[in-house]
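Please look over this model with me.

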Amino acid sequence: SVACLNKEPGMSPCEINNVAVKFSKEYLPCAVGIYFWNYWKLSEVFKERENKKEVQTSEIAQILTVIRLIQNSSKSFSTYLYKDTCLKELLGIEYESYNKTRVFRELENIEACREKLGTSIFDLAKKNGLTKGNLLFYDLSSSNISGLKCVMAKWGHCKDGFNTHVVLLLVITPEGYPVYWDILKGNTAEAKTICALIEKIEGRFGKIESVLCFDRGMVSDENLKFLENKEISYITALDGNQLDYFDKFIDFDTIEKVKKLNFEEDGPEIRKQLSEIDFIFAKENLYYQEIELSETQKKEIENVTNKLNLEKRRYFLAFNPEMAHYNQKHRKERVEAFFEWVKEYNQELSQALSDREQEIVEKTIKKELKKRKIANVKINYTITKKQVENKNKKGQIKMASTFKIESGALKEEAYEEAKKYDGLWMLITNIKKQEDVVFFKKADFKSYFEIYRLKNRIEEAFRILSDFVGVEPFYVYKEKHIKAHFTICVLSYLLDITILNKIRQTADLPNLDLHNIFYELKKCKQNTIQLSEFAEVKNITQATQEQKKILEVLNCLHLIEPRHLAERNIITVNT
């Protein structure tokens, strides 16, 4: 009280009942987002777009990117969210300067920098040792569009069935850093995209020296020959239905014996039996062997199909006993689910009010078997004709000719054909055998399987874009605006994966995913505290030990230091 009467610095008279938090704003997620934006030097990419504008393109892109770390929102609503953050203090851009008109005006400028952003990220990742070699992973995903105004959206089949959608294209490094991305019109087939992608990238960046790794969904004879003609190295997998070309070179007897062993308990015995037929142990229940063929054998296969190009490609047979176990387990579960469906379908047929056609019933059954991926399981069933009487909605009795599906008990033999290739798959590459040593040394990997397994990184990238960043819904409809929206989402993903990679490199913060990380960071806000009718102060929520650990791992503990906060007007300084 004496200090207050003497008006000493930092002292202000107040009554406890008058002290209240006036409002809070997002601080720590914003500060971390800006830190990693600068870490990747993203603003430098937009330099040629800078002029005497009040707010630069780089600043609009930065705000949109950082806001997506906090909340998925439309471009318009981001102008309201901006006022709930400390971005004004951190970037020095007034609330009224970040408005809808300016945001939409800059979207085309952001899209114009898309390819340069990818180049900059790749170059910086290589320069700073953030990526292994020159490997690139490539995949597509679909994204639904609400409304019918989007010029790129097409009605057709996508991940969610049939819907109005666009196709998202993404190329990343093995560590998950995005180096190229684009949006294609809906209904773009996966196997038709690689040629267009290579032509775009080569047209922009010059000849590709990286090794492309992509999923079997993108494999087509046309694509592989295109890459080979361009002398571009690739690693991918053979489509499952083409394994039968190599049947004569697979020791199914030994593989079937191994499948009967317990993959968890019989590891040494499995390894022994597979090593006797020249399988090499890779890791985690994965074994492989390169298919070595004589010229006669190659010609024999090429007489059946001219799509394997055995002279230029190498084929590695992979076998995973664990995968075989779960293939069989899940197939039986799908068969059981099919029989449950039959019960429901019989119920539907028994309630018919008009005659049913046997051909339609048979087509429905076959469609269901195909949908559940059990068409090659020998399920014996009969379709018996029957007459039924049912009341319609008006209470009138209707007679109808319909059918009943009946099936006997399913024996183990019914699965023989279906389980033949369980746990088996084929990896393909056009990298020559004499180049293996140099390639693996340069790429810092030990086998092609180790590389191919990393393709789950691109699956993770799409999960983060979908579940955390939130690509959907699209709130813009012009093509350049749609592409700019995806660019903002990818840049936000870049910050996310950078943070996640740093967290993964330490044992101090196990089991932390992006949701947990940002849940912790969001607790640290800037609070404006009302002391009296005439006095208020600003401070941040006291940082927890968990937040400090996260910041320490991210190398940005300085973001909560008093001097840093005071310089940016985040906290009130004693005067």
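1. Start with how helix packing is described. Axes are lines fitted to C-alpha atoms, for helices over the stretch in contact, and angles run from 0 to 180 degrees between N-to-C directions. Helices (H or I, at least four residues) and strands (E, at least two) are DSSP runs, numbered from the N terminus.

2. Know what you are looking at. This is a predicted model, where local features need pLDDT of at least 70, side-chain atom pairs count only at pLDDT 80 or more, and totals for chains, interfaces and linings use all residues. Residues are numbered from 1 along each chain as its sequence is written, and side-chain values use heavy atoms, with hydrogens and water left out.

3. Check the confidence. pLDDT is the predictor's confidence in each residue, from 0 to 100. The protein averages 86, and 89% of the residues score at least 70. Helix α2 (residues 28-39) has the highest mean, 96, while strand β3 (residues 154-158) has the lowest, 46. Over residues 154-162 the pLDDT is below 50, yet this stretch has 27 contacts in the model beyond near neighbours in sequence. Contact means heavy atoms within 4.5 Å.

4. Now α3 on α18. The axes of helix α3 (residues 57-70) and α18 come within 9 Å and cross at roughly 60°. That makes α3 oblique to α18. The classes are: under 35 degrees roughly parallel, over 145 roughly antiparallel, 65 to 115 roughly perpendicular, the rest oblique. The α3 residues in the contact include Leu64 and Arg68, and those of α18 include His485 and Leu495. By class, the contact of α3 with α18 has seven nonpolar, three polar and two charged residues. Here Ala, Val, Leu, Ile, Met, Phe, Trp, Tyr, Cys and Pro count as nonpolar, Asp, Glu, Lys and Arg as charged, and the others, Gly among them, as polar.

5. Next, α17 on α18. Helix α17 (residues 456-469) and helix α18 (residues 479-504) pack at about 115°, with axes 10 Å apart. The two are therefore roughly perpendicular to each other. Among the contact residues are Ile464 and Phe468 of α17, and Phe486 and Tyr493 of α18. The contact of α17 with α18 divides into eleven nonpolar, two polar and four charged residues.

6. Then α2 on α3. Their axes come within 9 Å and cross at roughly 130°, so α2 and α3 are oblique to each other. The contact residues include Trp37 of α2 and Val66 of α3.

7. Last, the salt bridges. A salt bridge is a side-chain nitrogen of Lys or Arg within 4 Å of a carboxyl oxygen of Asp or Glu. The whole structure has 38. Glu54 lies in the loop between α2 and α3, and Arg102 in helix α6 (residues 100-112), 48 residues apart.
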